[in-house]
Structures are given as structure tokens and as C-alpha cells.
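Open the model in your viewer and keep the selection tool at hand. Each stop says what to pick and what is there.

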Amino acid sequence: MPAPLWRNRDFLFLWTGQVVSTLGARISGLAYPLLVLAVTGSPAQAGLVAAAQAAPFLIWFLPAGVLVDRWSRKRIMLAADAGRAVALASVAVAVVLGRITIGHLMVVAFVEGTLYVFFLLAETAALPHVVPKPQLPAAIAQNQARDQGADLAGQPLGGLLFGLGHAVPFAVDAVSYLVGAALVAPIQRPLEDERAPQRRHLLAEVSEGVRWLWRQHLLRALVAIASAGNLAFSALGLTIVIRATDLGASPTGVGVLLGLFGVGAITGALVAPPMQRLVAPSMIMLGALWWWVAQMVAFALAPTVFVLGVVYTVGALMGPIFNTTNAAYCYALTPDRLQGRVNGAARMIGWGARPVGALLGGISLETLGAVPTFAALATWLAIVAAASTASRQIRRAPRPETLTEQP
């Protein structure tokens, strides 16, 4: 029997480091739109900054996947955290000096998003090397709980720190990345299999990962669902900020509201492993999609900030359960030599819709307002849920533990 995860030294270093840096990222994640709105009053410009942060998902996931399969994954994580610390510190300095511009914020958001892509792929590919295979579902769920716990604490803290000073959230985030790097550094195990010295052209290696993913019909369907869903969810955060502000919430109140997402999501992460054992994967995936349709309708009808918070909390339950199920399929089917490339291709497609969704969301909020934007998001997610319900690959999905790696 493998030792419990709480006694796994390298997993604890990796997990704890990301608790700190993810907390910092959530703090600055709220501060970005608040700062843009404070400087310009324009939701559309806030959408531009959000799109700049998400644009690397379209640009870097494919080449980064190849490099994660080539280079030391530990060194990639260390370099990414150090680079993000420098980028966020530059925003704090510019705000203190009164020299902040939308262009500066867009550049920093793009750099932060780029380094996040490299870190995420390296961490995802490294996880099976610090956790035994039977414990992977529990480790994935703990990572989900980590991220949602950061939402719970980070966004209220981001609103509070922004109220203390517009530079403070960005300075705190810069420090969090340095702490994250310091905790990754002591990891002792190799985070990749021994690799052959021969290297092919970058495009050839990208193509191998894309072709492999295309042949996996279930993973291909899951990536399509993720892409369509992210088109909506990338606009959700700013829409909630605008709606809460319309209903009279302060910056601290907006942070508390967004942090309530973590309450529901942590609960979802805790119940994800038993849910995977007890409920058919198809029911989890389709149930989550229709759950989110109902959530968007409820957002549109919410008359107060309190009701908005309740809807946000309850709606967040399904995210970690859905994500843990999807990740289990990817780990079950993908060989280590392709982990970076397949994850890169999947996330490029799945997350590539985020900058588009963020930009469209900002435009919709500027021209229509928050309530019509919620209605549009509900309509789009209903289309996604109906198409997924009609998919044979999703309806007949086997349990991940019954699958083996595909060559």
C-alpha cells in the first residue's frame, strides 16, 4: 500500500507551493478588472485585459507541450514562477508611481498567461511521477480543492487588499510566486521518464500529439465540450463583477461574492472521488452541463447580491467533479512521453475559446448589460448541453479505471 498523500514529501511540496501561488493569482485576478474599472470605467477595456491574459492559451499550448516533454519539468516550473513574480511586481511599481496604463496591464497579463501555460503543463505532466497511479484521482481532487480554496480566500482578500491600495494585490501576488518557486525547488524525484536523445522538428512533435488526441474519440469529445463551455465561463467572472456592482456591492463585497465560488467548489472537490466511484461518468458530465444552464438562468433572475452569492456557491459544486472526471480519462489513456503534447493540444483547444469569450463578454456587458449577458450565456450552454447529450461517446463513456494507456 502506498503511503497516504499527506506523507508524500514531494507531493506536499508541489501542492503547498501551488496553494500559495494560486492564492496570489486569485488576488491579482480580481484586482485586474477592478484596477481597469477604477482607471477607465470601461468594461470593454477590462475585457481586453482579460483577453490578453487568455490569449497565450491559443498561442503557446502546442509548442509548450513539446518543450515540457523535452525539458526538465522542474526547471520549467521554477522559471515560470520567477518570471511571473517579476511581471506582477512591475504592475505594483507602476501603480505606486502613477504610471500604469492599459497597455502595460495587457503586456503583463499576456506574460503571466504565457508562463502559466508552461507551468500548468509541466505540473500536470509531473503529477504521476510524485503520486502512485492508484492515488491519482485523490491527488487530482486535492488539486481541485487547492484551486477552489484559493478562490474562497483569494478573491475576498483581493478586494480587501485593493481597498487598502491599488498596488497591494499585485505586490502580494509577486511574493506568492517567489514562495511557490521556493517550495518546488526541494522536490527530489525526477519529474519525467528517461528520454531518448534524438529530437525531431518542433512541428513534427506537435503533430504527433495532435494526431494521437484526434484518434481518441472520447478525449476528442471532452475537449470539444471544454472549448464550448469555456467560451461562456470566461465571460462569467466579469459579468458577476458588473452585476454585483450594479446591485450596490463594494470592492470588498465583490471579492467576498467571488470567493463564495470556493465554498461550493471545495465541497465539490471533496465529494469528487466518491462520486467517481458511485456515479456513471456520463451522468456526471451531462448532469454538470445542464446544472450550469440552470445556474446561468438563476444568475439572470437574481434580485440581490445575496441571491447572486447563493447561486454562485451552489453552481460551483459541479466544476471539480466534472474536471476530476475529465482529468482521470486523460491520465488513464495518455503515455508519459506524450503527456505535455497531448495536454497542450487539449488545453489549446479547450481553453483557446477563453480570450474570445472574455472579449465578447466585455462587449456584451458594455452594450447590453449584465442580465442580458447572463441570458446569452444560458442559451449558449443549453446548446452545448443538448449536443453533448446527443453524443454517443459521452453517453457510453466507460469508467476511467477500466482503460489502459494507448500507444
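This is a predicted model: local features need pLDDT of at least 70, side-chain atom pairs count only at pLDDT 80 or more; totals for chains, interfaces and linings use all residues.

Numbering starts from 1 along each chain as its sequence is written, and side-chain values use heavy atoms, with hydrogens and water left out.

**Stop 1: the core**

Select Leu105, Leu127, Ile240 and Phe299. These residues have the most contacts inside the largest nonpolar core, which has 116 residues. Helix α10 (residues 217-246) gives the most to this core: 15 residues. A nonpolar core here is a set of buried Ala, Val, Leu, Ile, Met, Phe, Trp, Tyr and Cys residues joined through side-chain atoms within 4.5 Å. Buried means under 20% relative accessible area, exposed over 50%, partly exposed in between (1.4 Å probe, protein chains only). Helices are DSSP runs (H or I, at least four residues), numbered from the N terminus.

Now centre on Leu105. Setting aside neighbours within four places in sequence, Leu105 is in contact (heavy atoms within 4.5 Å) with Tyr32, Leu35, Val36, Val49, Val91 and Ile100.

**Stop 2: helix α4**

Select residues 61-70. How many of the 10 residues of helix α4 are buried? Nine are, so helix α4 is largely enclosed by the rest of the structure. Among them are Phe61, Leu62, Asp69 and Arg70.

**Stop 3: the rings**

Show Phe, Tyr and Trp side chains. Rings pair if their centres lie within 6.5 Å, using the six-membered ring of Trp; planes under 30 degrees apart count as stacked, over 60 as edge-to-face and the rest as tilted. The count comes to six aromatic pairs. Pick Trp60 and Phe118: their ring centres are 6.4 Å apart and their planes are at 50 degrees, so the pair is tilted. Trp60 is in the loop between α3 and α4, and Phe118 is in helix α6, 58 residues apart. Trp60 is partly exposed at 29% relative accessible area, whereas Phe118 is buried at 14%.

Move on to Phe233, Trp292 and Phe322, which ring pairs link into a cluster.

**Stop 4: the surface**

Last, select Leu48 in helix α2 (residues 43-54). Leu48 is partly exposed, with a relative accessible area of 35%. Helix α16 (residues 353-367) lies at this stop too.

Note on methods
Helices (H or I, at least four residues) and strands (E, at least two) are DSSP runs, numbered from the N terminus.
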